[in-house]
Amino acid sequence: MLLQKESLQKGSLQKEGHFKRGRFKTGLLQRVGCSKKRAPIVAECDRKRVLSSWAPYCGNKIPAEYRIEFSKVRHLDPLQFVEKLSKELGVCGVVAGENYRFGYKAAGDASELVRLCEEYGMKAFIINSVMDQNQDWRNIGSIDSKEQGQVSSTRVRHALAKGDMKYVSELLGRQHRLLLMVKDQEWLISNQCRVSALKSCMLNLPPRDALYECCSLFIGRENVVPCRVTIDATHIHLELDDIASCIPIISQDFRCLGIEFCGSGV
């Protein structure tokens, strides 16, 4: 859910007026046989909030999201894949990037997607890549031969690893929000204005270990307080200006908190 995908999906919604987003639930590490799963950039429980921000582009309707296990479609050739979209899933329009590959062993490309969709009475829109205008793509250090300077999740992960939150915000089109799910007994209270939690409480990818000034802490839907955040090898530490701000954090039995980063790490 980054600027590249937002451009892709918002473009399709504006053209077609449909508000359903398909998602194949998998990961590159799983596909190549690695057991360790990467942390997502957007926490699963935060995806609805991000989708709701697209409502102004979708006739003031929040897009719905449907997920399909990748293992159920990875064996399909391009024709079978498009047939499944049409007959089983009832898809009437498809939008994809210009470098999109699909089907078993990535046998199909964007032009074939357009052709097959026409055969099955679906409209297909191919969108140009959103290019990163602010950074030299050669500095990414990517081993991906397809890297040509387009906005991508690889760039977001690279920027998070460097703690460059201004760049992360430019790539995402919004500030990065880190979600924590912490039970009452899991908080470590250093003093009246500082609380800490284990990194294992994080639900999505954090920036690199560093001190981050000028952050915003989201407690529920309405309570937002300024804070400073320090991330180290084992914990994340939240420093607030007064004890009154700390009380809502530690007073609930089970709490999901959001942290938005406004500045880069030092």
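Analyst: A cavity is a set of grid points where a 1.4 Å probe fits but cannot get out. The model discussed here is predicted.

User: How much space lies in the largest cavity?
Analyst: A search of the whole structure finds one cavity of 30 Å³ or more. The space in the largest cavity comes to about 60 Å³.

User: Which charged residues line the largest cavity?
Analyst: The lining divides into five nonpolar, three polar and four charged residues. Asp and Arg count as charged.

User: Which elements give two or more residues to the lining of the second largest pocket?
Analyst: The second largest pocket holds about 410 Å³ of space. Its lining has 13 residues, and Asp-46, Arg-49, Arg-177, Gly-220 and Arg-221 lie nearest the centre. Two or more residues come from each of helix H3 (47–52), strand E5 (177–183) and strand E11 (254–260).

User: Are H6 and H7 roughly parallel or roughly antiparallel?
Analyst: The axes of helix H6 (residues 153–162) and helix H7 (residues 165–172) come within 8 Å and cross at roughly 160°. Angles over 145 degrees count as roughly antiparallel. H6 and H7 are therefore roughly antiparallel.

User: Which charged residue takes part in the contact of H6 with H7?
Analyst: H7 contributes Met-165, Tyr-167, Val-168, Leu-171 and Leu-172 to the contact. By class, the contact has eight nonpolar, no polar and one charged residues. From H6 come Val-156, Ala-159, Leu-160 and the charged residue, Arg-155.

Conventions:
Residues numbered from 1 in each chain as written. Predicted model: local features only at pLDDT ≥ 70, side-chain atom pairs only at ≥ 80, totals over all residues. Heavy atoms only, no water. 1 Å grid on protein atoms, 1.4 Å probe; cavity = no way out; pocket = protein on both sides within 12 Å on 5 of 7 lines; lining within 4 Å. Points joined across faces, edges and corners; volume = space filled by probe spheres on them. Helix = DSSP H or I, 4+ residues; strand = E, 2+ residues; numbered from the N terminus. Axes fitted to C-alpha atoms, helices over the stretch in contact; angles between N-to-C directions. Parallel < 35°, antiparallel > 145°, perpendicular 65-115°, else oblique. Contact = heavy atoms within 4.5 Å.
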